[in-house]
Amino acid sequence: MITPPVDSANVENAILAALINDAPLQALAPDGVWWDSAGEVNGKPRTRYVIVSLIAHMDVAVFGGRGYEDYLLLIKAVMLNAASVDIGAAAHRFDALLDDPDPLLDVPGFVPMAMFREQRIRFTEHDAENPAIRWLHWGGHYRVQVAIPT
Amino acid sequence: MAIQTGRYGQVLFDPAGTTPVEIVSLNAWKASFKTAKEDVTCFGDTNKVYVPGMKDVSGTVSGFWNSDPAASPILFAAADATTPGMLKLLPNSTTPEKGNFWSGLAYLDAEIDCTLAAPKVTGEFMAAGPWTMTVGP
């Protein structure tokens with residue numbers, strides 16, 4: 001049986017939508033949820049936001065095509081030090097949404113298998129232009145597995 | 001003719017022993033057609049000498065657990081069966097290659113290996129009747 005075509009971007013879009021549409025997370029990270037990097041909008045820099053990036057992806061094959069897809073995503077809150085009072089709460093909020101949620105996140109075209117945090121991250125980065133400014137990063141590596149329907 | 005990929009391999013089975021249908025969510029099969037050899041070496045021979053005995057047909061099929069009735073449940077039902085089913089193994093199921101396969105009656109055992117990853121299933125088969133290799137057009 002040749003597996004049907006599926007749009008893998010649906011997985012990433014579903015994760016983004018779950019985070020973007022969560023009101024508590026919006027309140028904690030009001031500058032939005034971004035893929036890979038947060039840009040300026042209307043000249044205003046972002047100081048409290050969430051980043052989602054793809055670290056690794058694997059297609060796991062069965063006879064005839066893809067059996068399931070395995071994603072490893074970096075999801076982290078990034079906040080300017082002076083504005084970082086909520087960073088722990090923001091990281092905790094998206095962890096509650098993404099670590100073994102019940103029910104699992106619905107992804108069009110796929111059957112969800114598992115979603116969980118595999119590793120926590122927390123580090124501080126000095127601003128490239130002004131070392132007095134520190135950026136805080138809190139989050140984790142999240143594993144997402146989705147099956148192709150049979 | 002050319003070397004073919006195993007990506008489009010296929011395992012088919014029919015518990016009634018007539019018309020096999022595909023077991024989905026599998027990704028490997030292996031078959032062995034070894035003929036036992038009897039040692040008939042005699043005094044004076046300069047090396048060991050063998051004569052062929054009976055051919056043994058056995059092997060494994062494997063893949064991922066899938067509760068779809070067209071998938072793993074076929075293996076586990078076959079493991080409980082007291083009569084053999086028709087097993088058909090294709091190295092490549094694409095149109096020009098689907099005429100090439102091995103098939104025959106077989107008994108199946110089933111195993112499942114469940115860890116934190118996708119659970120894996122394995123079926124071990126052994127012949128329950130004559131097996132044939134079909135080379136299609």
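## How much of chain A is buried

In this predicted model, buried residues account for 29% of the 150 residues in chain A. The C-alpha atoms of the chain fill a box of roughly 60 × 30 × 30 Å along the principal axes.

Going by secondary structure, chain A has 3 helices and 5 strands. Starting from the N terminus, they come in the order α-α-β-β-β-α-β-β. As for contacts between residues at least 6 apart in the sequence of chain A, 59% of them link residues at least 24 apart.

## The sheet of chain A

The strands of chain A form an open sheet of 5 strands, ordered β1-β2-β3-β5-β4, and the pairing is mixed. At the edges sit β1 and β4 of chain A, each of which pairs on one side only. On average, neighbouring strands in this sheet are turned by 25 degrees against each other, ignoring direction.

Take the pair β4(A) and β5(A): these two run antiparallel and are joined by 14 bridges. If you want a spot to look at, find Thr124(A), whose bridge partner in β5(A) is Leu136(A). Helix α3(A) packs on this sheet and touches β2, β3, β4 and β5 of chain A, with its direction at about 0 degrees to that of β5(A).

Helix α3 of chain A covers residues 87–98. Its 12 residues reach 17 Å from first C-alpha to last, close to the 16 Å expected at 1.5 Å a residue. The buried residues of α3(A) are Ile87(A), Ala90(A), Ala91(A), Arg93(A), Phe94(A) and Leu98(A). They all lie on the same side of α3(A), because the arc they cover around the axis is only 160 degrees. In general, an α-helix has 3.6 residues a turn, so residues three or four places apart point the same way. Those buried residues of α3(A) pack against α1 (9–20), α2 (23–28), β2, β3, β4 (111–126) and β5 (134–147) of chain A.

Now for α1(A), which also has 12 residues and reaches 16 Å from its first C-alpha to its last, close to the expected 16 Å. Its buried residues are Val11(A), Ile15(A) and Leu19(A). They cover an arc of only 65 degrees around the axis, so they sit on the same side of α1(A). Their packing partners are α2, β1, β2, β3, α3 and β5 of chain A.

## Backbone details worth a look

Pro103(A) belongs to the loop between α3 and β4 of chain A.

Two other non-glycine residues have a positive phi: Asp36(A), at about 70 degrees, and Ser25(B), at about 70 degrees. Asp36(A) is found in the loop between β1 (33–35) and β2 of chain A, while Ser25(B) is in the loop between β2 (21–22) and β3 (26–39) of chain B. Asp36(A) counts as exposed, because it has 10 C-beta neighbours inside 10 Å. Ser25(B), on the other hand, has 25 C-beta neighbours inside 10 Å and therefore counts as buried.

## The sheet of chain B

Chain B has an open sheet of 7 strands, in the order β2-β1-β5-β6-β7-β4-β3, with antiparallel pairing. Its edge strands are β2 and β3 of chain B, and each pairs on one side only.

Within this chain, strand β5 (residues 85–90) and strand β6 (residues 101–113) run antiparallel, with 5 bridges joining them. Gly85(B) is set opposite Ala106(B) of β6(B). Helix α1 of chain B, residues 72–80, packs on the sheet. There it touches β1 (10–14), β5, β6 and β7 (120–134) of chain B, and its direction makes about 95 degrees with that of β6(B).

## Where the chains touch

On the A side, 8 residues are in contact with 16 residues of chain B. The elements of chain A that give two or more residues to this side are β2 (48–62) and β3 (65–80). By class, the side of chain A that touches chain B has 5 nonpolar and 3 polar residues, and no charged ones.

Terms used
Residues numbered from 1 in each chain as written. Chains lettered and ligands numbered in written order. Predicted model: local features only at pLDDT ≥ 70, side-chain atom pairs only at ≥ 80, totals over all residues. Contact = placed C-beta atoms within 7 Å. Helix = DSSP H or I, 4+ residues; strand = E, 2+ residues; numbered from the N terminus. Nonpolar A, V, L, I, M, F, W, Y, C, P; charged D, E, K, R; others polar. Buried ≥ 20, exposed ≤ 12 C-beta atoms within 10 Å, placed from the backbone. Expected span 1.5 Å × (residues − 1). Arc of directions from axis to C-beta. Pairing = 2+ DSSP bridges. Axes fitted to C-alpha atoms, helices over the stretch in contact; angles between N-to-C directions.
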